[in-house]
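Student: I have a structure open and would like to learn how to read its features. Could we go through it together?

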Amino acid sequence: MADGREGIPSQFRKGVVELAILALLHQEEAYGGEIVERLAAFPGLAISAGTAYPLLSRLKRSGLIASVWRESPVGPPRKYYRLTAAGEESFADLARAWNGMKNDMDQLLGTDVAP
């Protein structure tokens, strides 16, 4: 597999993909297919619809996202997802944790670019 996902432990990837979805929904609401399409631009984050929809359902059950059906100009109605207030808070916490861990790992791996 040469798509950037080789060698990434499954649980590690799941956490990162969850943060990526929250980040996309922090930017703007989106429907499931759109989320899959936008993540496909990042090989390490690409997911199938079969992975995206269960994750979106779990985030919704957790109260981090909400959804609403909207008519589509090109087909059947689409379910749009957006962050809730709890989702915004969770996103901010996870982004802060990610940046801290990224900085620590950059130092350990020697990939930091200190001035």
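Tutor: Let's go from the overall fold to one helix and then to one residue. Keep in mind that this is a predicted model.

Student: How much of the protein do buried residues make up?

Tutor: Buried residues account for 30% of the 115 residues.

Student: What span should helix H1 have, and how far apart are its end C-alpha atoms?

Tutor: H1 covers residues 10-27, and at 1.5 Å a residue its 18 residues should span 26 Å; the end C-alpha atoms are 26 Å apart, so the two agree. Its buried residues include Val16, Leu19 and Leu22. The buried residues of H1 pack against several elements, among them helix H3 (49-61) and helix H4 (85-109).

Student: Is Ser72 buried or exposed?

Tutor: Look at its relative accessible area: the value is 11%, under the 20% cut-off, so Ser72 is buried. Ser72 belongs to strand S2 (residues 65-72).

Student: Which backbone nitrogen does the side chain of Ser72 reach at 3.1 Å?

Tutor: That of Val74. The backbone nitrogen of Gly75 also lies 3.5 Å from a polar atom of the Ser72 side chain. Leaving aside residues up to four places away in sequence, Ser72 touches Pro77 and Arg78.

How values were computed:
Residues are numbered from 1 along each chain as its sequence is written. This is a predicted model: local features need pLDDT of at least 70, side-chain atom pairs count only at pLDDT 80 or more; totals for chains, interfaces and linings use all residues. Side-chain values use heavy atoms; hydrogens and water are left out. Helices (H or I, at least four residues) and strands (E, at least two) are DSSP runs, numbered from the N terminus. Buried means under 20% relative accessible area, exposed over 50%, partly exposed in between (1.4 Å probe, protein chains only). A polar contact is a pair of N or O atoms within 3.5 Å; within protein, one must be able to donate a hydrogen and the other to accept it, and residues adjacent in sequence count only if both atoms are side-chain atoms. Contact means heavy atoms within 4.5 Å. The expected span of a helix is 1.5 Å times one less than its number of residues.
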